[in-house]
Amino acid sequence: MKDSYGRKIEYLRLSVTDLCNYRCIYCMNEEGVEKKRHSDILSIEELTEIAEAAYSLGIRKIRLTGGEPLVRKGLITLCRNIRGISDDIELGITTNGSLLPDMAKELKEAGVDRLNISLDTLNPDTFRRITRTGTIDQTLNGIKAAIDAGFDNLKINTVLLGGINDTDVFEFLRMTEKTPVQVRFIELMPLGVVKDWTDNRFITVDFIENYLRNAALIKVDGVARVYQLPNHRGTIGLIAPISNRFCASCNKIRITADGKLKSCLHSEGESNLRGLHGDDLAKAIEQGILTKPLQHHLNDEGTATARNMNEIGG
Ligand code: SAM
Ligand code: SF4
C-alpha cells in the first residue's frame, strides 16, 4: 500500500527482542537492558500474525532484527512460519553473527533468504572496545558459517565511528578482494546513547569515497550506492542517512519487540498493535503506515525518538 505521500511501503523491520549478548557503545548502555517479562514482548504467534497482516497490505520484504535476533527463543519457528505465508516474501535477518556457527544452516533451511552481519572493525581490540563483551572471532566465524551454509549474498554492516574505526577502511576494502560480500559503510545516527556524542564521532560516507577513486559505481540498491574495485569479488555499499537524507524513497515501517509500530525511525509517534488480530490488526498497521511523516528532522531539531537502537532494530 501507499502512505499519504505516495510512497509504496513494502518493507517491514520486525524486532523480535531488545536483548543482546553484546553491548555496543553506540547502541545501548554498558549495563545492557532490563529483561522484560515474557508477556511484555510479542510471542512467536503474535509476530507471525503481524507478518501475515503486513503481507496482506503489500509488505514483501521482512527483516528480523533486535536486540540480537538470534538470542530469541523460537526464532527458527518464526522464520518457518513467515516462509509459510508466501514464497513471495524476501526474509532477511540482521545479526551480530556471534551465534551463526550454530544456527546458520538451520536458518537457511527455515527459509531465510538474506543475512546482514554487523562488523564495525577488523581489529580485535577495537572490536572489544565497540561491543564491550564480544570477541572478533565470534563474528568472523559467523560470517564463515553463513557462507558455508549457502548464504551467497551476505552484507556486512559497518557503522562509521570517527576516531574509532575510521582507520579500518582500507582493511575492509581488502576484505572485498577475496570475500564475496558487500561491506556497507553506514553513517552513525545520533539517537539514544549517541545523542550526546561529540561531532568528531560523526563522519560521512564522503570520507570513504576518497578510497574509491579506482572503483566503479555498479548500482544503486535501495538506499545504498554500490561500488566495486577492479578484480575484487565483493562490493562496497555506502549508506548516508545523515548527509543524504533518503526519506523521499523510504519504503519501511518498523515494529518493536513490545508491539509498537513506528512509521519513522526518528519520530516519537508509535501505535500499539498488541491485543489486535485479523482485520483489526491489519487496519492498525494500515493506519500506522498513513501516519508516516514526510521526512526526519535529524539535521535541524534532532531525533524525536526516546528509544535506544536495540529497542528499535536499526
Ligand atoms: N544485533 C543485530 C546487529 O547488531 O546487527 C541487530 C540489531 S542492531 C540495532 C541493527 C543495526 O543497527 C546494526 O547494524 C547496528 O550496527 C546498527 N546501529 C545501532 N545503533 C546505531 C546508530 N546509532 N547509528 C547507526 N546504526 C546503528
Ligand atoms: Fe547488540 Fe546489535 Fe546493538 Fe550491538 S548493535 S548492542 S550487537 S543490538
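Modeller: Happy to! Let's start with the make-up of the shell around ligand 1: its residues divide into 6 nonpolar, 10 polar and 2 charged. Please keep in mind that this is a predicted model. In total, 18 residues surround ligand 1, and the closest are Y26, G67, E68, S118 and M189.

Now for the polar contacts of ligand 1. S118, already named among the closest residues, has an N or O atom in its side chain that is 2.5 Å from an oxygen atom of ligand 1. N157 also takes part through its side chain, with a polar atom 3.4 Å from an oxygen atom of the ligand. T95, in turn, uses its backbone: one of its N or O atoms there lies 3.3 Å from an oxygen atom of ligand 1. Each of these distances falls within the 3.5 Å cut-off for a polar contact.

How much of ligand 1 does the protein bury? Taken alone, the ligand exposes 550 Å², and the protein buries 94% of that. The elements that give two or more residues to this shell are the strands β3 (90-95) and β5 (155-160).

Next comes ligand 2. The residues that surround ligand 2 are C20, Y22, R23, C24, C27, M28, G67 and N96. By class, the shell of ligand 2 divides into 5 nonpolar, 2 polar and 1 charged.

Helix α1 (residues 44-56) and α2 have axes that come within 10 Å and cross at roughly 25°. That angle makes α1 roughly parallel to α2, and their crossing is right-handed.

Helix α2 (residues 75-85) also pairs with helix α3 (residues 100-109): their axes come within 9 Å, crossing at roughly 20°. Why are α2 and α3 described as roughly parallel? Angles under 35 degrees count as roughly parallel, and α2 and α3 therefore qualify. As for handedness, α2 passes α3 in a right-handed crossing.

Finally, α3 meets helix α5 (residues 136-148), where the axes come within 8 Å and cross at roughly 20°. Here too the angle makes α3 roughly parallel to α5, and α3 passes α5 in a right-handed crossing.

Conventions
Residues numbered from 1 in each chain as written. Chains lettered and ligands numbered in written order. Predicted model: local features only at pLDDT ≥ 70, side-chain atom pairs only at ≥ 80, totals over all residues. Heavy atoms only, no water. Near = heavy atom within 4 Å. Nonpolar A, V, L, I, M, F, W, Y, C, P; charged D, E, K, R; others polar. Polar contact = N/O pair within 3.5 Å; in protein donor to acceptor, adjacent residues only side chain to side chain. Areas by Shrake-Rupley, 256 points an atom, 1.4 Å probe, with all protein chains shown as cover. Helix = DSSP H or I, 4+ residues; strand = E, 2+ residues; numbered from the N terminus. Axes fitted to C-alpha atoms, helices over the stretch in contact; angles between N-to-C directions. Parallel < 35°, antiparallel > 145°, perpendicular 65-115°, else oblique. Left-handed = near helix turned anticlockwise from the far one by under 90°.
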